[in-house]
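Please look over this model with me. My comments follow as numbered points.

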Number of protein chains: 2
Amino acid sequence: MNFLEQRIKEDGRVYPGNVLSVDSFLNHQMDVSLYKEMGNEFFRRFGHEKIDKILTIEASGIGIACVAAINFGVPVLFAKKAKTSNIDESLFVSEVFSYTHHITNRVVVSKKYLHPGERILIIDDFLANGSAVHCMLDLLKQAQCIPVGIGIAVEKGFQPGGENLRKEGYHLESLAIIESMNADTGEIIFRAQEA
Amino acid sequence: MNFLEQRIKEDGRVYPGNVLSVDSFLNHQMDVSLYKEMGNEFFRRFGHEKIDKILTIEASGIGIACVAAINFGVPVLFAKKAKTSNIDESLFVSEVFSYTHHITNRVVVSKKYLHPGERILIIDDFLANGSAVHCMLDLLKQAQCIPVGIGIAVEKGFQPGGENLRKEGYHLESLAIIESMNADTGEIIFRAQEA
C-alpha cells in the first residue's frame, strides 16, 4: 500500500452512492506535505518525458498541479470555468459535465498559453467518469498540443473513465485506484499497482 | 524593486479601467518558480508568527497558498464557491462580491477544519476592494479563529481594500503594491516598501 492509499484508508470516508470524501487532506483542506510526496511520485512516473507545461482544471486540481510542477520545473496552466456567456476568439473553449451537480460547465484557456507541438502533462485530483480529463484533452487537441500523460491522485476504478483513457492509448497514472468501497463497513479496496 | 514588482513590470499588461492582467504568470498560467519566491517572502514576513493553517479562496489563490504552505509546514484550507443553494449546518457561509462580474457568490468552508483559537494566515493573489479578504475574515470570525495576518501577491493601492484593512489593525503584507498605472503608456508605479 503506497503513501496515498494509506492516507485514504486512514482519513477517507465512504458514503452511500460510491461517494468517497477526502476533503480533510486532498480537496478542501489540503495537506501540502502529502502533495509534495505526490509531486515526487508523479515525477518518478513521468519525469523521463519531455514536458513543457502542466494543465489542470479549476479548482481542486490547482494545488496538486502547482506543488508537482516544482519537481518538473515547468509552469502550470489551469482551465477556468467560464464566468460569462461571452467567449471571445482569444480562448479555447470546452465543456465538462459535473456528475455531482448535474450541470455542464464551459471551461476556457487562453490561446496565448497553449501552442502547437507543446508537450503537456495533465494533472487532476480525481478521475471517475473522465469528464474533466476529456475536457482537457479536447482543449489540447484544439491547440494542437501533445498530451504526454495524465497524472491523477485518486481514480475510481469501478467507474469507466480510467479504463476508457487506457484503451484510447493515453499514458494514465493514478496514484491510488479504488477497486471497490463499502459504505456500510467503510472498507476501501485498492487495485494492486507495481511498485 | 523586488522580484514580483520586476516581473509585473516586465510581463503585466495594463488595460483601460485600471485593469492589470498578470495571467501569463500569476492567475491563469502560473510560474511556480515565482510562487516559490513568493512563498519565501511570505515566510520572511510572517514566519515569526505561530500559524496553524493557511486559508485561501477558490480559485487563483490556491496555487500560491499551497506553494507558500511548504515554507510554513501547515495545511491549506480553501473557501469554496457554493454550488447549490442547500447550505447545511456543517458549513460556515459568507458572501463575496465580484466587481469584475458584478455578482455576489456564496462561499463555504467546512466547520470540521476551522476551530476556535486556531491561528490562521490568509493568502490570496489580488487585493483591490477587499471583498474576498473580508469574506475570509468573516468565515474566521464565525469559527472564532484568530486572523494572524493577510498575505497578498498584488495589491491595487489606489483601491480602498488595503487601506481599510490596515486601519482595522490587520497585519497585511502585499508583495507588490500598485500606486498607479497608465493604460496609454503601460506604465506601472509601485508604492515603495521597506526591504
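**Notes on the chain A and chain B interface**

1. Strand β5 (residues 76–81) of chain A is joined to β3(B) by 2 bridges, and the two run antiparallel. Within this pairing, A:Val76 stands opposite B:Met30. Strands count as paired if DSSP finds at least two bridges between them. Helices (H or I, at least four residues) and strands (E, at least two) are DSSP runs, numbered from the N terminus.

2. A word on the basis. This is a predicted model, in which local features need pLDDT of at least 70 and side-chain atom pairs count only at pLDDT 80 or more, while totals for chains, interfaces and linings use all residues. Residues are numbered from 1 along each chain as its sequence is written, chains are lettered from A and ligands numbered from 1 in the order in which they are written, and side-chain values use heavy atoms, with hydrogens and water left out.

3. In contact (heavy atoms within 4.5 Å) are 34 residues of chain B and 34 residues of chain A. The two chains bury about 2800 Å² between them, 66% of it on carbon and sulfur atoms. Buried area is the accessible area (1.4 Å probe) lost when two parts are put together, summed over both. B:His28, B:Gln29 and B:Met30 supply 23% of the area that chain B buries against chain A, more than any other three residues.

4. The interface has 2 salt bridges by the rule, which asks for a side-chain nitrogen of Lys or Arg within 4 Å of a carboxyl oxygen of Asp or Glu. One of them joins the side chains of B:Lys112 and A:Asp23 (3.7 Å, N to O). On the side of chain B that touches chain A, α3(B) gives the largest share, 6 residues.

5. Away from that topic, A:Ser131 sits in helix α4 (residues 131–142) of chain A. Leaving aside neighbours within four places in sequence, A:Ser131 is in contact with A:Val96, A:Phe97 and A:Tyr99.
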